[in-house]
Each structure stands twice: as C-alpha cells, then as structure tokens.
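Open the model in your viewer and keep the selection panel at hand.

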Amino acid sequence: MKEINPRIDRSRKVIEIRGLKKAFDDFEVLKGVDLDLYQGENLVVLGRSGTGKSVLIKIISGLLKPDEGYVNVLGEEVDRLTPKELDALRLKIGFSFQNSALYDSMTVKENLEFPLIRHAKDLTQKDRDRIISVVLEAVGLSQAMNQMPSELSGGQRKRIGIARTLILKPEIMLYDEPTAGLDPITSIEINRLINEVQRRFNTSSIIITHDLTCAKAVGDRVVMLLDGQFQRQGTFDEVFDTNDERVKAFYNYNFID
Ligand SMILES: Nc1ncnc2c1ncn2[C@@H]1O[C@H](COP(=O)(O)OP(=O)(O)OP(=O)(O)O)[C@@H](O)[C@H]1O
C-alpha cells in the first residue's frame with residue numbers, strides 16, 4: 001500500500017470537473033462525472049474496458065468536446081480555449097500512452113531531444129544535453145543514452161517513453177495503462193518510477209489502469225468508474241471495502257497480489 005504523499009496541496013486543484021456528460025449517438029458513456037485532481041497527487045482511475053476512461057482523458061486534453069459539464073485544467077476552461085491556447089495547455093500535460101512508441105531509427109538521446117527541438121526552441125545544445133541527462137538519470141537509464149530502442153527491453157522502452165514525456169517538464173502526467181503488457185517484476189519497477197516522478201518533479205498525475213497492484217502501489221486516491229459515474233472514491237482499501245457486487249467482482253477478477 002502506498003503511503004500518501006505528504007506534499008499534496010489540497011488547496012490547489014489542477015483539474016476540476018463537474019457534471020461531465022458525453023454520449024456517442026444514444027450511447028451515454030459519461031453520465032455526470034465529478035473529479036478533482038490536487039497538486040502533487042497521484043489519482044488512479046479504475047474501470048472495466050469500455051467504461052469511458054480514455055474518453056475522459058481525451059476530454060481533459062481537449063481532443064474531444066463534452067456534451068455537458070465544466071472541465072477546468074490548470075485554471076483554464078478547456079472547452080473555451082482557442083486551438084492555439086489549447087496547444088499551449090497541452091504542453092503542460094505529459095501523455096504516457098500505451099502506444100507512445102519511440103522512433104526506432106533514432107537513438108535514445110535523439111528520441112529525447114526531439115520534443116525539445118520542436119517545442120523549446122530557445123535552448124542551446126548544452127541546455128538540451130543537461131536536460132536529457134537529468135531525465136535519463138531520473139528513469140534510471142543514463143547508460144542507455146546512445147542505444148537504439150531495439151536494443152532495450154520492453155520495460156526500458158517504457159522508461160524512455162516516460163522520460164520523453166517528462167522532458168518538457170509537464171505539470172500534469174496522464175498515464176494510460178502504464179503496466180499493460182509488462183511482466184510482474186517490470187510492472188513493479190514502473191510503479192516505483194511513477195512514484196519517483198511524483199516525488200522528484202512534484203507532478204500531479206492521473207493513472208488509468210485495470211491493474212490493481214498498480215493502483216495500490218501508486219494511488220494516493222483511487223476512483224472507480226462504473227456505469228458512467230465515479231461510484232467509489234478514496235484510498236485503495238476504502239474503495240474496495242464495500243458490499244457493491246460490481247466492485248467486488250472487479251476486485252476478484254483483477255487482483256493478483
Ligand atoms: N469517437 C468515438 N465515437 C464513437 N464511440 C466512441 C468514441 N470514442 C469512444 N467511444 C465509445 O465509448 C466507450 C468508452 O470508450 P473508452 O475508449 O473510453 O473506454 P475505456 O474505458 O478507455 O476502455 P479500455 O480500457 O478498453 O481502453 C466505448 O464503448 C467506445 O466504443
């Protein structure tokens with residue numbers, strides 16, 4: 001069980017969502033979702049496949065428009081931003097998606113340099129080298145600087161993917177199924193890294209997962225999306241301390257200790 005991060009600032013919400021609704025044709029995916037993410041917090045969103053977790057992330061990042069509701073990210077009402085303002089907001093959000101693949105023809109260093117060249121044009125080569133060293137060290141892979149992605153294990157590639165996301169110093173990290181497809185030992189390493197990123201960079205994160213070992217290891221707070229709404233919220237143990245058969249079924253099906 002994770003010890004709750006003492007540096008969480010509950011007076012500062014980095015994401016605030018109220019009454020969020022989203023339907024596709026007549027299929028209601030989100031039916032009135034309320035969510036707060038506090039500065040420095042790791043919030044885990046649990047839910048079965050198809051419950052709308054990715055839709056929620058896409059709405060937070062402005063890729064999808066809500067039908068109804070209020071979505072505020074880092075003080076900005078996402079729905080009201082111009083495309084340019086939205087681009088600026090997205091630079092403050094780090095996306096670690098399942099399919100955020102590395103460029104196979106580039107070395108690790110070149111992969112990490114790419115977002116800096118694109119989005120931080122004022123930096124000198126010396127600045128870029130320093131930032132790359134810091135993030136590689138943070139993910140424990142300083143020695144991989146000049147390797148090609150094909151020479152790395154799945155877990156190492158995942159770490160480099162997270163390093164590439166961190167390189168622009170995001171205020172919010174969104175992790176979509178961070179342990180999917182990894183063996184249990186590598187999953188534990190990624191869970192540790194998510195906590196390390198929180199501690200070192202003071203980021204606020206949403207972690208979407210079905211992996212209950214991951215939820216328990218990284219979540220300061222856990223919410224469960226069921227039937228289009230957050231039915232349960234609290235610490236991992238609080239969320240599962242219930243007689244709700246749907247929640248018990250999710251636990252029994254997913255938890256491997
Ligand atoms: N652009 C879209 N058009 C139509 N339906 C969509 C669209 N995006 C998502 N959906 C539907 O919304 C529902 C929720 O999808 P979502 O991808 O958010 O699920 P999820 O909880 O992330 O699942 P998984 O864990 O499998 O990724 C699904 O039934 C999906 O088919």
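Predicted model: local features only at pLDDT ≥ 70, side-chain atom pairs only at ≥ 80, totals over all residues.

Residues are numbered from 1 along each chain as its sequence is written.

**Whole chain.** Nine helices and 10 strands make up its secondary structure. (Both are DSSP runs numbered from the N terminus: helices are H or I with at least four residues, strands are E with at least two.) The radius of gyration is 18 Å, close to the 18 Å that the globule rule gives for 257 residues, so the chain is as compact as a globular protein of that length. (That radius is taken over C-alpha atoms; the rule is 2.2 Å times the number of residues to the power 0.38.) Along the principal axes, the C-alpha atoms fill a box of roughly 55 × 45 × 35 Å.

**Domains.** Next, colour 1-92 + 172-193 + 203-257 as domain 1 and 100-169 as domain 2. These bounds come from an automatic or database domain assignment. The two centres, taken over C-alpha atoms, are 26 Å apart.

**Where they touch.** Domain 1 brings eight residues to the contact, and domain 2 brings nine. (Contact means C-beta atoms, placed from the backbone, within 7 Å.) Now select helix 6, residues 184-201: it gives four residues, the largest share of domain 1's side.

How values were computed: Contact = placed C-beta atoms within 7 Å.
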